Amino acid sequence: MEVFHMISYRPFYETLYKKNITEYALIFKHGIPANTIHSMKYGEAITTKTLDVLCNILDCPVSDIIEFVKSDS
């Protein structure tokens, strides 16, 4: 059974690309745990505190990290 996530992190990866920041830099320069990046890559939940930290690091609004994707089911 396929699981559909309603929250997408697609904007996060687009923001990283636009700002020329790598996942490696987030982990090793900014201290974001690797398992947080892993969770995001696989569409799993992260905390609002993590969203706040990412927004500060990337100097962006929450909408540049997550988006709501309506499920058709």
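Keep in mind that the model is predicted.

Let's begin inside. In soluble globular proteins, nonpolar side chains tend to be buried together. Here the largest nonpolar core has 15 residues, and those touching the most other members are Phe 12, Leu 26, Met 40, Leu 54 and Ile 65. Helices α1 (10–18), α3 and α4 (48–58) each contribute at least two residues to this core, and α4 gives the largest share, with 4 residues. Setting aside neighbours within four places in sequence, its contacts include Phe 12, Met 40 and Leu 54.

A pair of aromatic rings is described by the distance of the centres and the angle of the planes. How many aromatic pairs does a search of the whole structure find? There are 2. Phe 12 counts as buried because its relative accessibility is 0%, whereas Tyr 13, at 28%, is partly exposed. Tyr 24 and Phe 28 also pair: their planes are at 40° and their centres 4.5 Å apart, so this pair is tilted. These two residues sit 4 residues apart in helix α2 (residues 23–28), so about one helical turn separates them. Are Tyr 24 and Phe 28 buried or exposed? Both are exposed.

Now for the charges. Side chains of opposite charge can pair when their charged atoms come close. The structure holds 3 salt bridges. Arg 10 and Glu 14 form one of them, at 2.5 Å from N to O; both lie in helix α1, 4 residues apart, which is about one turn of the helix. Arg 10 also meets Glu 67 in a salt bridge, at 2.9 Å from N to O. That pair links distant parts of the chain, as Arg 10 is in helix α1 and Glu 67 is in strand β2 (residues 67–68), 57 residues apart.

Another salt bridge joins Glu 23 and Lys 41, at 3.4 Å from N to O. Glu 23 belongs to helix α2 and Lys 41 to helix α3, so the pair ties together parts that are 18 residues apart in sequence. Glu 23 is partly exposed, at 24% relative accessibility, and Lys 41 is partly exposed too, at 47%.

Note on methods: Residues numbered from 1 in each chain as written. Predicted model: local features only at pLDDT ≥ 70, side-chain atom pairs only at ≥ 80, totals over all residues. Heavy atoms only, no water. Phe/Tyr/Trp six-rings, centres within 6.5 Å; stacked < 30°, edge-to-face > 60°. Buried < 20%, exposed > 50% of the residue type's maximum accessible area, 1.4 Å probe, protein only. Core = buried A, V, L, I, M, F, W, Y, C linked by side-chain atoms within 4.5 Å. Contact = heavy atoms within 4.5 Å. Salt bridge = Lys/Arg side-chain N within 4 Å of Asp/Glu carboxyl O.
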